[in-house]
Amino acid sequence: MAHHSYPFLDELKARFGGQRCPCGKAHRLAPVEVILGEGAFDSSARGLLQRYGSGASLWVLSDERTESAAGARWKGAVRAGNISSRILPGDPSPVPTLELAQALSAEVRALAPDLVVGVGSGVVSDLVKKVSLDADLPNWCVATAASVDAYGSAMSAIRLAGYHRAVPARPSEVIVCDLEVIVRAPRRLFLAGLGDLLAKYLASLDWRLAARVTGETYCEVVGGFALGSARRAIDAARAWESDPEAALSALMEAALVSGFAMQAFGSSRPAASAEHTVAHFWETVGAAGATEHDLHGILVGAATKFLLPGYTAWLGAAGGLARLEKLDVEERVLALEREAPWQATLEPALMPWRRVIAEEQQRKVLDRSMMTRRLQALAREKDQILAFAQPLLAELAEAMESLEGLGFPFSLETLRIAEPQRLLPVRNVRLLRDRYTAFDLAHELGREGELLDSIAAGA
Ligand SMILES: [Zn+2]
Ligand SMILES: [Zn+2]
């Protein structure tokens, strides 16, 4: 039996016990137990018995696919006194609508079990975390793939009036990951997990950029965990052919660490940036015509590759920022003040997104003194920004090459994303999400066009 170590996970849990961090925050994780590795089902059965006794009543949610991948076997392993099974149709995958979540919550309230359990890694886990909050009951998650980082997050992706939104949820108290289950998951789920990890490079870059320019809090510790575990998983993936179990085990750890990093920091900042804004847009409008590739992590990976030429043209060695000479702060502030409000220039194709955009934009209050401070900071910090951006971008390009070698479907052609949907969210990254990125930086300097042109050239 192979032995796997989980250095990031162990250290993260030790570090986030609520002690004050150098960033000024006190990071705290909801108490969580991760049962990871071979024999996880039997260990979880013992844990269940200890916590809830032999007469425990459980409500277990799965879909037909996750039921046959793990649900039936897990229920057999725990032999709890009283299990109510709710199995959703598996093909097509269930849609996590608010209506479905509410119906399930009503069902759970009526049954009043001791514990709710979700068997599944995506939709099922999102639904169970939401039901758990609504019904005020703890939840466990039995993972079926290493493709998402949401297990440990206090948010669920729920479809509200046609749009995926992150809504408050209750993080899982116990996460059960049996490598025998994970190793049998379809390969595209493994690739999706890796694709989601590519985002950590741009997330790290943009977060540090924001800290330098806007003074946003950057946490070296949280950021280090998110990027470090992604690096380790991508390294292990390179050795996939010779040691698939080690690759999956590192990927599972990275997905968990990324989720906990978000929970500890209180936002998705450590793990998601412009690539997630673009991928979320594609997910929401169902842009990927190739349904077998319509997975969060695949879209995130493809969006990362799509945006990289823009980041490189702007923040790379010979990029726009490196060539920036004198900055006339006063003139730039005047130009930004003269800009028409977003309502006046919104692309017609984004009309259905008006409410989302309005919500994001109302938080963004920029006055003259703030603009001035940002531009001055930028002029002062330019060299430091370039010094961390360039190696990160080079590393990301290498990581993408490795994933390409494993057969990651990066091409928007392959995903069958229609031409008009490709650049639409890219042009509007700043509107769709109030999160400072390289797009804002370029915009504030009046040079967003350079960034967009380089992305369009590769499209
Ligand atoms: Zn911190
Ligand atoms: Zn993601």
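1. A word to start with: two residues are in contact if their C-beta atoms, placed from the backbone, lie within 7 Å. Keep that in mind for helix α16, whose buried residues pack against α10 (274–285), α11, α17 (429–432) and α19 (448–458). Those buried residues are R422, L424, P425 and V426, in a helix that runs over residues 419–427. Please also remember throughout that this is a predicted model.

2. Now step back to the whole chain. You can find 19 helices and 10 strands in it. Along its principal axes, the C-alpha trace spans about 70 × 45 × 45 Å.

3. How much of the chain is buried? Of its 459 residues, 49% count as buried. Contacts tell you about the fold too: among those with a separation of 6 or more, 80% are between residues 24 or more positions apart.

4. Next, the domains. The domain assignment gives domain 1 as 32–182, while domain 2 is made of two pieces, 187–219 and 270–458. Their C-alpha centres are 33 Å apart. Where the two domains touch, 7 residues of domain 1 are in contact with 13 residues of domain 2. On the domain 1 side, the touching residues divide into 4 nonpolar, 2 polar and 1 charged.

5. Have a look at helix α7 (residues 187–214) and helix α11 (residues 296–315). Their axes come within 7 Å and cross at roughly 35 degrees, and the crossing is left-handed. Which residues meet there? From α7 the list is L191, A192, G193, L194, G195, D196, L198, A199 and L202, and from α11 it is H296, G297, I298, V300, G301, T304 and Y311. Sorted by class, this contact has 9 nonpolar, 6 polar and 1 charged residues.

6. Some backbone details deserve a friendly flag. Most residues other than glycine have a negative phi, and most peptide bonds are trans. Against that background, the peptide bond from D91 to P92 is cis, with omega near 0 degrees. You will find P92 in the loop between β5 (82–88) and α4 (98–111).

7. One is A112, at about 45 degrees, in the loop between α4 and β6 (115–119). Is A112 buried or exposed? A112 is exposed, because 10 other C-beta atoms lie within 10 Å and the cut-off for exposed is 12 or fewer. The other is R416, with phi near 55 degrees, in the loop between α15 (368–405) and α16. R416 has 14 other C-beta atoms within 10 Å, so it counts as partly exposed.

8. In sequence, E33 and G47 are 14 residues apart; in space, their C-alpha atoms are 9.9 Å apart.

Note on methods:
Residues numbered from 1 in each chain as written. Chains lettered and ligands numbered in written order. Predicted model: local features only at pLDDT ≥ 70, side-chain atom pairs only at ≥ 80, totals over all residues. Domains from an automatic or database assignment. Nonpolar A, V, L, I, M, F, W, Y, C, P; charged D, E, K, R; others polar. Axes fitted to C-alpha atoms, helices over the stretch in contact; angles between N-to-C directions. Helix = DSSP H or I, 4+ residues; strand = E, 2+ residues; numbered from the N terminus. Left-handed = near helix turned anticlockwise from the far one by under 90°. Buried ≥ 20, exposed ≤ 12 C-beta atoms within 10 Å, placed from the backbone.
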